[in-house]
Amino acid sequence: MEGAREQPAPGLRLRPATAGDAGLVMSWRNDPDTVRYSGTGRQVTAEEHDSWMAAQLNDPNPGLFVAEVGDRPVGQIRLQREGDSGEVHITVAPERRGRGYAKAMIGALQDDSALLRGLRRLTAQVHVDNQASLRIFAARGFDRTDVVGDFVQLEWLLPPLPTG
Ligand SMILES: CC(C)(COP(=O)(O)OP(=O)(O)OC[C@H]1O[C@@H](n2cnc3c(N)ncnc32)[C@H](O)[C@@H]1OP(=O)(O)O)[C@@H](O)C(=O)NCCC(=O)NCCS
C-alpha cells in the first residue's frame with residue numbers, strides 16, 4: 001500500500017497504523033462488545049497492548065491499518081498473514097458503528113491488490129453470537145467453512161489474476 005488511498009465508502013481511507021494510534025487502538029480493543037466477541041473474552045492490559053503494538057509496528061510487512069474519514073479515525077483493520085492466508089480482524093470505534101464503515105473497510109482491503117500480494121484467501125473467525133460481524137463478512141462475499149467452538153470460520157478466495 002502506498003500511503004492512504006481513497007476507498008469505496010465516501011471519504012473512507014486506510015492508512016498504516018503508527019505509534020500515535022496506540023491509545024486509540026487499545027481503547028477499541030477493550031470496548032465491551034469487542035471483548036465479548038474476542039477469542040480471550042477479556043480486556044488486555046497496557047503492558048500487553050504495548051508489546052503487541054510494538055510487534056505490529058516493527059513487522060517488516062505491516063498488517064495493522066487505521067480507517068479514517070476526513071482526519072477522524074473510525075476504526076482499525078488488521079491482516080494477520082500466515083502463508084498464503086490472511087486472517088482479518090476488525091473493530092469500528094463504538095460511537096461510529098452502524099454507518100457501513102466495517103463493510104467499507106473490508107472492501108478496501110479486498111480491493112487493495114498491493115496489500116494482498118502473495119495471498120490466496122482471506123479468512124475470519126467470528127463469534128456465533130456476533131450477528132453484525134457475520135452480516136458484514138457475508139455481504140463482502142465470505143463463505144462459512146466450519147464452526148470451531150464458539151467461532152464461525154469464514155473464507156473469501158481472491159479472484160484469479162488476469163492473464164495475458
Ligand atoms: C462488528 C463491527 C465491526 C461492525 O461495524 P459497523 O461499522 O457497525 O458495521 P456496518 O455498519 O458496516 O454493518 C453493520 C451490519 O450489521 C447489522 N447489525 C448491526 N448490529 C446488529 C445486531 N445487533 N444484530 C444484527 N445485525 C446487526 C447492521 O444492520 C448492518 O447490516 P446491514 O447493512 O445488512 O443492515 C462493530 O460493531 C465492532 O467493532 N464490534 C466490536 C468488534 C467486533 O465484533 N469485531 C468483529 C470481530 S470478527
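**Fold and core**

Reply: This is a predicted model. Of the protein's 164 residues, 23% count as buried.

Me: What pattern do the helices and strands follow along the sequence?

Reply: The protein has five helices and eight strands. Read along the sequence, they give β-β-α-α-α-β-β-β-α-β-α-β-β.

Me: Why can the protein be called as compact as a globular protein of its length?

Reply: For 164 residues, the globule rule gives 15 Å. The protein is close to that, so it is as compact as a globular protein of that length. Its radius of gyration is 15 Å.

Me: Which element gives the most residues to the largest nonpolar core?

Reply: That core has 30 residues. With seven residues, the top contributor is α4.

Me: Which residues does I77 contact, leaving aside neighbours within four places in sequence?

Reply: I77 is among the residues with the most contacts inside the largest nonpolar core, along with A67, Y101 and M105. Beyond its sequence neighbours, its partners are L14, F65, A67, V88, I90, M105 and L109.

Me: What share of contacts join residues at least 24 apart?

Reply: Count the contacts between residues at least 6 apart in sequence. Among these, the share joining residues at least 24 apart is 53%.

How values were computed: Residues numbered from 1 in each chain as written. Predicted model: local features only at pLDDT ≥ 70, side-chain atom pairs only at ≥ 80, totals over all residues. Core = buried A, V, L, I, M, F, W, Y, C linked by C-beta atoms within 7 Å. Buried ≥ 20, exposed ≤ 12 C-beta atoms within 10 Å, placed from the backbone. Helix = DSSP H or I, 4+ residues; strand = E, 2+ residues; numbered from the N terminus. Contact = placed C-beta atoms within 7 Å. Rg over C-alpha atoms; globule rule 2.2 N^0.38 Å.
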